[in-house]
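Thanks, everyone. Let me put the model up, and then I'll walk through it.

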Amino acid sequence: MAANFWTSSHYKHLLDQEDVDMVNPLDKEKGITLEDFKLIKMHMANYILKLAQQVKVRQRVVATAVTYMRRVYTKKSMTEYDPRLVAPTCLYLASKAEESTVQARLLVFYIKKLYADDKYRYEIKDILEMEMKVLEALNYYLVVYHPYRSLSPLLQDAGLNDLNMTQLTWGLVNDTYKMDLILVHPPHLIALACIYIASVLREKDTTAWFEELRVDMNVVKNISMEILDFYESNRMFTEERINAALQKLTLRP
Amino acid sequence: MTIEALGQVNVTESPTAGSRSVDCFEKLEQIGEGTYGQVYMAKEIETGEVVALKKIRMDNEREGFPITAIREIKILKKLHHENVIKLKEIVTSDGPEKDEQGRPGKSSIHGNKYKGGIYMVFEYMDHDLTGLADRPGMRFTVPQIKCYMRQLLTGLHYCHVNQVLHRDIKGSNLLIDNEGNVKLADFGLARSFSNDQNANLTNRVITLWYRPPELLLGTTKYGPAVDMWSVGCIFAELLQGKPIFPGKDEPEQLNKIYELCGAPDEVNWPGVSKIPYYNKFKPTRQMKRRLREVFRHFDRHALELLEKMLTLDPAQRITAKDALDAEYFWTDPLPCDPKSLPKYESSHEFQTKKKRQQRQNEEMAKRQKMQHPRLPPIQQPGQHAQMRSGPNQTIHSQPQVAAGPTHHYGKPRGRGAPYGSNNMSGGGPRGSGSSGGGYGVGAPNYPQQGGPYGGSTAGRGSNMMGGNRNQQQYGWQQ
């Protein structure tokens with residue numbers, strides 16, 4: 001038994017950014033760049049969210065599903081594991097793991113409703129088969145810890161737990177799933193980064209509070225920078241660029 | 001203790017090339033059976049290590065990987081403790097497997113190559129508590145009972161601080177190895193809980209005999225106290241030599257509890273009148289708590305601890321942590337060192353049932369020769385083994401199949417009474433006038449309703465969940 005978080009085997013298994021940013025050789029052959037790779041994952045995170053809103057599951061399920069999807073692509077290629085199938089499958093699996101089961105046929109129904117494009121069209125049997133592959137790729141590790149849990153106690157401790165700050169930070173945490181942060185950083189540090197950004201935006205002085213926390217502020221600030229960078233470049237992520245990236249996957253090498 | 005530290009981080013293990021194949025193992029013997037699937041003792045070919053393989057049945061699943069298996073895997077991957085069974089890995093079988101009769105397996109539905117089967121690989125344990133206790137002549141010593149109880153509580157405390165409810169604590173889910181180690185197993189009904197207890201959980205959990213009053217009364221907001229009731233039942237069973245609440249259905253179960261623990265009211269259990277079925281099961285006569293009286297022959301500290309475990313009000317029931325601090329564990333005779341315990345030949349409930357049946361058949365043949373079909377079974381040494389199992393298949397031609405479906409690794413859920421009424425009838429230990437009252441020496445006048453093994457006992461461990469598995473899985477917010 002690990003005595004605390006820092007000595008736990010879990011801590012040691014968080015991934016380095018370089019490992020997360022490794023484009024699978026099979027995908028590379030098709031001309032997928034790191035940029036494309038990130039873009040497709042972001043697009044799939046959005047896809048999962050859109051589907052989730054249709055089938056009405058909690059935000060937690062979305063967060064878990066996106067994490068599964070991102071974990072899969074640290075080990076598997078997009079060439080072999082089509083993101084357009086992996087994304088809904090991860091939502092399907094996450095809905096079970098988070099105790100808000102969604103029937104496969106319902107997912108298939110809404111997939112058809114959301115995308116007329118044939119490339120998104122998958123049937124129940126495809127999802128069920130991919131489910132097993134995803135489980136294997138995840139090595140059956142299904143428990144995901146999210147920043148949401150630490151958010152409200154932290155806000156309360158900082159005396160920032162008013163509705164405005166709560167909503168703002170919650171929204172920021174939602175957006176972190178458009179990046180790979182959850183694979184790289186402990187969830188409570190992601191929560192702190194979101195609080196940090198929110199407090200700067202709302203001009204709340206939290207310097208003293210952050211100083212009292214025994215956390216590495218450099219890491220918190222780095223995460224914050226990454227989130228801000230993402231917002232900065234967000235408007236460049238156009239539909240065309242996403243489609244172009246996905247198009248490369250379907251090309252024969 | 002671990003507690004917060006564990007699981008604060010999102011783990012991914014080092015990359016693997018997918019799951020290994022079940023062909024890495026050689027199946028030796030079936031040691032369990034249930035709707036969930038079979039359980040085998042197996043040997044890893046490469047290392048010679050003996051393991052237990054629990055098959056996850058996929059062929060009936062319309063919704064892919066069964067959510068019950070997901071729950072169990074999720075939780076077992078999170079728990080790492082010497083008193084919790086270790087899930088070593090998950091292996092798959094690609095080819096269509098041959099079924100028990102040697103017919104080739106059905107071709108996989110949806111053409112999924114994994115339909116051949118998925119197995120959870122566990123460390124192998126020699127016994128389960130029920131199997132061990134049912135061995136003819138078995139008598140546990142006090143230091144031994146203390147040793148088992150302390151390990152059970154330690155494992156359960158670990159689960160509870162990690163916010164996991166086991167929800168199916170019973171003898172056949174407590175595994176024991178020949179080093180005397182006790183491990184909690186079968187997390188198929190387990191789930192995570194949050195401390196606020198606001199979530200609605202299903203009350204259709206825990207094997208009937210070990211199910212606490214709050215669940216029988218239909219509450220859907222509950223916590224770790226449900227497991228502690230089951231622990232109390234096991235504790236009393238170890239001391240008494242037989243199950244203390246062998247109800248055959250839910251009303252009878254509650255009645256048995258009320259007879260021993262008294263009926264609940266707003267005084268001993270504030271808020272009880274708001275629980276859904278409280279009025280429905282309100283006893284018509286006054287029922288006083290008589291636990292101390294019935295078990296007065298127990299050791300003082302044991303009785304004191306049992307009182308606190310079998311407390312009706314879950315809010316007042318002792319926690320695993322406090323139970324570990326009880327005088328009982330810190331007074332002579334002290335719990336023994338697990339390693340000092342005797343080593344027994346492997347026994348699982350699944351197997352002891354088989355053996356018992358063999359004995360019964362022999363006995364039956366003997367009796368038929370003597371033309372005394374109703375003669376009570378010959379008393380074997382250690383009569384509690386007799387008392388608990390009621391080996392009395394004297395008038396049934398249908399053998400009690402060794403379907404003993406309550407083995408820890410895999411057992412039936414959602415089936416009514418798998419070996420229902422043909423289990424206990426005719427003759428029987430009570431008929432022989434052996435210890436009179438249901439609660440034995442201590443309580444000759446203890447009221448009985450049909451006797452502990454009368455009529456159609458549902459059988460130890462039948463989960464009484466009714467309905468089918470799918471309904472259970474998808475119909476409820478568990």
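Ground rules first. This is a predicted model, in which local features need pLDDT of at least 70, side-chain atom pairs count only at pLDDT 80 or more, and totals for chains, interfaces and linings use all residues. Residues are numbered from 1 along each chain as its sequence is written, chains are lettered from A and ligands numbered from 1 in the order in which they are written, and side-chain values use heavy atoms, with hydrogens and water left out.

Chain A. It has 15 helices and zero strands. Helices here are DSSP runs of H or I with at least four residues, strands are runs of E with at least two, and both are numbered from the N terminus. Of the 253 residues in chain A, 55% are buried. Buried means under 20% relative accessible area, exposed means over 50%, and partly exposed is in between, with a 1.4 Å probe and protein chains only. Now contacts, meaning heavy atoms within 4.5 Å. Take those in chain A between residues at least 6 apart in sequence: 78% of them join residues at least 24 apart.

Next, the cores. A nonpolar core is a set of buried Ala, Val, Leu, Ile, Met, Phe, Trp, Tyr and Cys residues joined through side-chain atoms within 4.5 Å. The largest one has 196 residues. Which residues have the most contacts inside it? They are Leu91(A), Phe65(B), Phe187(B) and Met309(B). Helix H4 of chain A, residues 34-55, gives this core its largest share, 11 residues. Look at Phe65(B). Beyond its neighbours within four places in sequence, Phe65(B) touches residues of chain A, including Lys96(A), Glu131(A), Met132(A), Leu135(A) and Tyr140(A). On the chain B side, its contacts include Ile56(B), Met58(B) and Ile118(B). There is also a second, separate core of nine residues, with Phe25(B), Val51(B), Val91(B) and Val121(B) among them.

Helix H7 of chain A, residues 104-114, buries Ala104(A), Leu107(A), Val108(A), Tyr110(A) and Ile111(A). Their cover includes H4, H6 (83-97) and H8 (124-137) of chain A. Why that kind of spacing? An α-helix has 3.6 residues a turn, so residues three or four places apart point the same way.

H6(A) and H8(A) also pack on each other, at an angle of about 75° with axes 9 Å apart. Axes are lines fitted to C-alpha atoms, for helices over the stretch in contact, and angles run from 0 to 180 degrees between N-to-C directions. The two helices are therefore roughly perpendicular, a label for angles of 65 to 115 degrees. From H6(A), residues including Leu85(A), Val86(A), Tyr92(A) and Leu93(A) meet H8(A) residues including Ile127(A), Leu128(A), Val134(A) and Leu135(A).

H8(A) also holds Lys125(A). Lys125(A) is partly exposed, at 42% relative accessible area. Its C-alpha atom is 8.9 Å from that of Ala104(A), 21 residues away along the chain.

Salt bridges. The criterion is a side-chain nitrogen of Lys or Arg within 4 Å of a carboxyl oxygen of Asp or Glu.

One: Arg84(A) with Asp82(A), closest N and O atoms 3.2 Å apart. Arg84(A) is buried at 5%, and Asp82(A) is buried at 18%.

Two: Glu99(A) with Arg71(B), at 2.6 Å between the closest N and O atoms. This pair crosses between chains, from the loop between H6 and H7 of chain A to helix H1 (residues 67-78) of chain B. Glu99(A) is buried at 10%, and Arg71(B) is buried at 3%.

Glu49(B) sits in the loop between strands S2 (39-44) and S3 (50-56), and Lys88(B) in strand S4 (87-92), so the pair ties together parts 39 residues apart in sequence.

There is a network too: salt bridges link Lys41(A), Arg70(A) and Asp180(A).

Last, the backbone. Most residues other than glycine have a negative phi, and most peptide bonds are trans. Here, the bond from Asp332(B) to Pro333(B) is cis, with omega near -5°. Glu203(A) has a positive phi, near 55°, and is exposed at 74%. Ile206(B) has a positive phi as well, near 75°, but is buried at 0%.

Definitions and conventions: Parallel < 35°, antiparallel > 145°, perpendicular 65-115°, else oblique.
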